[in-house]
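Subject: A structure for you to look at

Hi there,

Here is the structure I promised to pass on to you. Have a look at it first, and then read my notes below.

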Amino acid sequence: MKYMSMFDKIDLHLIRVLHTVLTERSVSRAALRLGMHQPAVSAALKRLRELAGDPLLVRSGASMVPTVAGLRMIEPAAGILRSAEMLFSDARAFDPATATHSFSLAASDYLDPLFLPQLVTQIKASAPHCGIEIHPLSADADYRSHLAQGQYEVVIGNWPKPPEDLHLGRLFGDEVVSLVASHHPAARRGWDIDAWLAAEHIAPTPTHPGARGFIDEHLDSQGLSRNIVARCPHFGLIPAMVAGSLLVLTTGRQYAERFTASLPVQVLACPVPFPRMMYYQLWHERTHTSSASRWLREQIKSVAASLRRPEAQADAA
């Protein structure tokens, strides 16, 4: 009877607050994510603490961290929310015109700079009542864990070897090229492998400690290494840095060519042969049959197809 009495005090909204507060590690950030006022989230957390007999979230310096009991609750809470969502969403077809689902995805900013704006435009045009949360693939983002726990539905990016424990959909392939300022010496006289390796390169900050991106992993397999003198976590800012310096950015042609009309930059072939960069969307088994998530993946595939270079059409076939 005691446990039945406690169960009667818990509703799905309270579980959602619990999961959001513990994963955001902040009442204010949780309130923003939930679309609630902060005092309402604080009141719900007070109820949760009384039910658990544990503070659940405690201060550590300038930040908040879950207690041991709180950490143990994250995955069970995520499981309850997943089950509740699938209980009804999979019992009927997803109707984007009336749905109120909140989509959550993480994307690499190595993508075509038009990709995310067009994706958001397309989603909001078809599903006007749905929310969209876009997360970066940052150095501290454990995307496997976030997919498993339900924080992300889809992750979009490029990997030398996509993880085998996740579902995968190919979006497009792209040729590896270098972007340089129009005044770069190589723009006038070209370069060989030695000159390219010795040039001053700029590269994105690794997504996690020790990570090697597609370019450097391939160079390492050939016994080569380039001269990286600058790193930046904001990939979208790098072309402007290249335009005003002698830095070299090596990435996909589709990304690089988006900037040739707006910046004094040129696209040059790489003297080192590279395989094509492949872009994918990844998702967890838990969302594989979800009608809402299937619809999201279809929108991602559709936008990728609309932006692909003509010669890359066969890569995603």
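Ile156 touches Leu105, Ala106, Ala107, Ser108, Leu111, Phe115, Leu137, Leu171, Tyr280, Gln281 and Ile300, leaving out residues up to four places away in sequence; contact here means heavy atoms within 4.5 Å. Please keep in mind that this is a predicted model, where local features need pLDDT of at least 70, side-chain atom pairs count only at pLDDT 80 or more, and totals for chains, interfaces and linings use all residues. Residues are numbered from 1 along each chain as its sequence is written, and side-chain values use heavy atoms, with hydrogens and water left out.

Ile156 is also one of the residues, with Phe115, Trp196 and Phe274, that touch the most other members of the largest nonpolar core, which has 54 residues. A nonpolar core is a set of buried Ala, Val, Leu, Ile, Met, Phe, Trp, Tyr and Cys residues joined through side-chain atoms within 4.5 Å. Buried means under 20% relative accessible area, exposed over 50%, and partly exposed in between, using a 1.4 Å probe and protein chains only. Helix α13 (residues 291-307) gives this core its largest share, 7 residues. Another core, of 19 residues, lies apart from it and includes Ala30, Ala44, Leu56 and Leu57.

Now for the whole chain. The protein chain has 13 helices and 12 strands; these are DSSP runs numbered from the N terminus, helices being H or I with at least four residues and strands E with at least two. Of its 317 residues, 46% count as buried.

Next, the sheet. What is the order of the strands in the open sheet of 5 strands? The order is β4-β3-β5-β12-β6, with mixed pairing; two strands pair if DSSP finds at least two bridges between them. The edge strands, β4 (131-136) and β6 (167-174), each pair on one side only. From one strand to the next, the twist averages 20°. Strands β3 (residues 102-107) and β5 (residues 154-158) pair in the parallel sense over 3 bridges, and Leu105 has Val154 in β5 as its bridge partner. Helix α6 (residues 115-126) lies across β3, β4 and β5 and runs at about 165° to β4. For such angles, axes are lines fitted to C-alpha atoms, for helices over the stretch in contact, and the angles run from 0 to 180 degrees between N-to-C directions.

There is also a helix pair to find. Helix α2 (residues 12-24) packs with helix α4 (residues 38-52) at an angle of about 95°, their axes 10 Å apart. The two are therefore roughly perpendicular to each other, a label for angles of 65 to 115 degrees, while under 35 counts as roughly parallel, over 145 as roughly antiparallel and the rest as oblique. On the α2 side, Leu14, Val17, Leu18 and Val21 meet Val41, Ala44, Leu45, Arg47, Leu48 and Leu51 in α4.

Most residues other than glycine have a negative phi. Arg25, which is not a glycine, has a positive phi of about 55°, and Leu56, also not a glycine, has a positive phi of about 65°. Is Leu56 buried or exposed? Leu56 counts as buried, because its relative accessibility is 1%, whereas Arg25 counts as partly exposed at 38%.

Enjoy exploring!
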